[in-house]
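Hi everyone, and thanks for coming. Today I'd like to walk you through a structure that may be new to you, so let's bring it up on the screen.

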Amino acid sequence: MFEQTLAQPAPAGRIWVNLDGEIVNKGVEISLTGNIIRKNGWNWDLTGNATFLKNSVSGLVGYYETGALRGQGFSGVLGQRMVNGQPLNVWYLAEYAGIDPNTGMSMYRGLDGSISSNNDPSVNKFYAASPNPTTLLGISTNLSYKKFTFGANMNGAMGHYLFNNTAATSLGISNLSTRNIGTSFFNTSVKESTSNSASPSTRYLEKGNYLKLANLTLSYKVGDIGNTLKNFNISLTGQNLFILTKYTGFDPEVNTDGSTNGIPSLGIEYLPYPPAKTILLGINFSL
Amino acid sequence: MKSIYTFYLLFTGAVLFSAASCTKLNEEFRGELEEGTSNVGADGLLITAYSSLLVPYQQDQRWVLQEISTDAAMAPTRGGDWDDNGIYRAIHQHRWNADNGFMNSTYVSLGTTIYNATNVLRFNPSEQQKAEARFLRALAMFDMIDLYGVAPIREGDALDDFRIAPKVLQAGEGIDYIIKELNEIIATLPNGDRTTAYVASKDAARTLLMKVYLNKGTFLNRQAPAFDAADMSQVITLAKAITGTGTYTVSEPGKYFDNFAPDNDVKSTENIFTLYNQNGKRGGSVDRTWNTIAHYNMSPGGWNGWCTLSEYYDKFGATDERRGIYYNYPADTTYNKSKGFHRQNVGFFIGQQYNWKTNDPLMARNPANAPLVFTREVTIRTSGATLETAGIRPMKYAYDYSSSGQKNNDWVVFRYSDVLLMQAEAVLRGGTGSTAGEVLALVNKIRGNRGIGTLGSLNLDNLLDERARELYWEGWRRQDLIRFGKFLQPFQEKPGTSDPKYLVFAIPSQQIAVNPNLKQNAGY
C-alpha cells in the first residue's frame, strides 16, 4: 500500500493505492548470549546481536521524491528518492568535488564527468549513498556480585549516510558577516568565497556510524532495614553517557522529519534537540 | 480535614466512573450525509475554482515560468540566499529539467483549477455559474498547453475515481476543445463590467479566445509557427467586439498605475479579467509583488530578491510613465504622501532608495553604512558589496498600506491595452478587418497616454517592444517571445542560444509517475 499523489486534474491530495513494487531486505541476523562467570557470588552475562542488511527497491513505475531539506536557500529542495535498483530513500544529490582554488566556489561533478564550478548542482545529480544502516549492533551485559548489580546496554548502527542540514544552511560560509560559522568552514586550506551558496550536495553527507552507551545501571541491594523498610535498593542509572562516532552533527541517531507527499524521509539532521544525557539516582523500598 | 475531603472526591469519582462504564452503549446518529444531499453549493465551489488561480498567477509558479525564463525578470542568487538548489538560475538560463520544483507546482495548481472548475458543473449550477466555470477551465487548459504542450482533463467516472488516469489532450485537440467551449459560453456570460472584472464576462472569454487564435500557430509548431490569416482575422473581429461594448478605454495620462492599485476594481478603465483580492473576503498573496523585490530596509521590509535586467529597463524612455512615478493613491498612509516627499513608489526602483518616513537616504543592512543604491549591473550570482544592491526592481502593484491583512489590489489577467496590441499584431500577421493605419493609431493612443512619442509605422520588432513596455511583469513575456521567435536567443545573463526543447517545459516527473497517459516532452 502506498499513498500516491493524485494525477492532475484533481484536488490537491493523495490516494491509497496498491503500488506495484517491491522492497527487498536481505541480510543475516546473529545473536549470541553467553554466561561467562557464575561462581563465588559472581555472575556475568553478555549478549550481543548483529544484523547485516541490504535493502533495495524494484518494480516501481517512475520514481518518487522525498527528503525535504531546509534552511535559507533550500526552499523546496528534496534530497531522496524511491527508485528501482537503489536502496529505499537513496540520496540523490550533486556530487561535491571540493572548492575551486581560483574562484572559491564549490565544484561539482557534471553528468558528462567533468569537474567544475560551472556544473550546476541542481541538474547534475547522482545516486549518492544510502541512509539505511547496513549493520545494526546491540550489546548488553549484566554483572552481579553479591548485593551489587551492574548492567549496561550499548547500541550502534553502521554503513549509513546522514545529511548534516544544520551544517549546510546554518553554519555555512555565507553567514560570515552576520553570524558564526562552523569550524569546518574556518581556516580551510583552500579559501572558500563568501558568495559560495550551500547547494545540497554530498559535501554535507556524512557517515553516520556510531556506537552508543544507551544506558548503564549500578545498583546495590541493601535488604531490610529494621522492621519498617523492606527490600531496600539503591541504584544509579545513566542514559546516553557517551557515543563513539565521527559524525560532526549533534547526534547520529536523530532523524528530522522531511517527509514529502506522505513519503517518509530518513537520515536528515536539521537543528534537532539532541537526546539528553540523564543521570538518575533511585531508591526503592517497600513498607 | 483537607485530606479527607480529597479522599471523598477521589472515591466519588471512582464510583461515578464505574457506573458510567457499566452503561450499555446505544449508538445514535444525529446527523447524516448521503451522496447527492451534500450542502456544498455551486456558489462555494465556483469561488474555490476562481481562487485556485491566485497562487499560480500572483508572482509565483506560472508567473515564474512565464517571466523569469526571459530577459524581463531574474531571481539572482544572493550569497546563500535565493539559491534553492538553483531552480531560479535553471529557469532563467534555460537549463531546467523535469525535477525542477516549478514544473510540478505549476502543473498541480493549474490541474487543480481544471478539476475545481469541472467540479462546479456537477452541483446544480445556474447557467451563468456553469459558463463561468467553463471559462476558468478553458483558461487553465490554455496555460497548460502554453507551458507543457498538453492539457490533461478528467471526465465521467474519472471525476469520482482518482485511480483512473486522466485523459491528456495534445495541443491541437486542446485548442479545438477550448475554442468550442468558449464559443458555447460567450452568450451566457454576463456583459463585461470594469468594477466586477473578477467575474468572468463575455469580454474575458473574447480576450482568451483572441489569445488562443493568436498563439495557435505557435502552439502547433513552436520552432516555425505558421499564422493562419483566418485566425488573425478572428483576433481582429474579437478585439472590435470588445471595443464595441464601449466598456473600456485606455487609461488617461497619469492613470496607468490605476490598473494595479489597491482600489483598481473601482478605478481601472482597462481591466477585463482580474483575480479578486479583498480584505475580509478572499484573496491571496498579491503582496508578493512587493516582497519578492523590496529590500529588507524598505517600508515594509521585503525579501531582497528579484529584479529586471538593464537592457530591458533601457527599452523605456525617461518620459515614459510606465517606468515609474510618484503615484498618489488613497491606500498610501505613509509620510511619503502626507508630508509631501513624493518619492517614486511604483515602477522600476533604481539608484538611491529613500526612507518614506524621514525622507533620508536608506542604508543597506550589511554593511549598515553603505547607501542602498539599486544598480543596473546584476549577475546571476551576486555576493559581497553587491549582494543587497544589485538589480533594478520593478513593482506595479502600489503597496496597500491601509490594509494590515489581505491586500486589496486585484491581480490583472487581461487588460484592454493588451487587446489593442494583439489586434495590431494580428494585422501585421495578415489578418483582415482593420487597416494598418487604424491599428497604428491604437498603438499611438497607448503611447501618447503613457507619455512617449508616436510611431510612424508598425513592425513586429517595435510592436514586441511596445508589449514589453506595456505589459512588463504581467506574466506574458515568454509567450510573446516564443510567438515572435525570440525566446531562445541569448540575453544578458543567459549566454548562448538555447536548445529548442526549451520552447516547452518538461512534464513534471511526479506526474508522469502517476499518469500513464502522459509522455515526456521531446529532449527531456
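Before we start, one term: when I say that two residues are in contact, I mean that their C-beta atoms, placed from the backbone, lie within 7 Å. Please also keep in mind that what you see is a predicted model.

Let's begin inside chain B. An automatic or database domain assignment divides chain B into domain 1, which covers 40–189 + 507–524, and domain 2, which covers 305–402. How far apart do the C-alpha centres of these two domains of chain B lie? The answer is 33 Å. The two domains do touch: 13 residues of domain 1 of chain B are in contact with 16 residues of domain 2 of chain B. On the domain 1 side, strand E1 (77–78) and helix H5 (87–92) of chain B each contribute at least two residues. Sorted by class, that side of domain 1 of chain B has six nonpolar, four polar and three charged residues.

Now for a pair of helices in chain B. Helix H2, residues 42–51, packs against helix H7, residues 127–148, at an angle of about 20°, and their axes are 10 Å apart. Angles under 35 degrees count as roughly parallel, so H2(B) and H7(B) are roughly parallel to each other. The crossing of H2(B) past H7(B) is left-handed. Which residues meet here? From H2(B) we have Ala42(B), Leu46(B), Ala49(B) and Tyr50(B), and they meet Gln129(B), Glu132(B), Ala133(B) and Leu136(B) of H7(B). By class, this helix contact has six nonpolar residues, one polar and one charged.

Next, a sheet. Chain B has an open sheet of three strands in the order E5-E6-E10, with antiparallel pairing. Its edge strands are E5 (324–325) and E10 (393–395) of chain B, each of which pairs on one side only. Let's zoom in on one pairing: E5(B) and strand E6, residues 346–349 of chain B, are antiparallel and share two bridges. And what stands opposite Ile325(B) in E6(B)? That would be Val346(B).

Finally, let's step back to both chains. Here 37 residues of chain A are in contact with 40 residues of chain B. On the chain A side, strands E1 (2–5), E2 (14–17) and E5 (64–68) of chain A each supply at least two residues. That side of chain A divides into 17 nonpolar, 18 polar and two charged residues.

That's my tour, and I'm happy to take questions.

Methods:
Residues numbered from 1 in each chain as written. Chains lettered and ligands numbered in written order. Predicted model: local features only at pLDDT ≥ 70, side-chain atom pairs only at ≥ 80, totals over all residues. Helix = DSSP H or I, 4+ residues; strand = E, 2+ residues; numbered from the N terminus. Nonpolar A, V, L, I, M, F, W, Y, C, P; charged D, E, K, R; others polar. Pairing = 2+ DSSP bridges. Axes fitted to C-alpha atoms, helices over the stretch in contact; angles between N-to-C directions. Parallel < 35°, antiparallel > 145°, perpendicular 65-115°, else oblique. Left-handed = near helix turned anticlockwise from the far one by under 90°.
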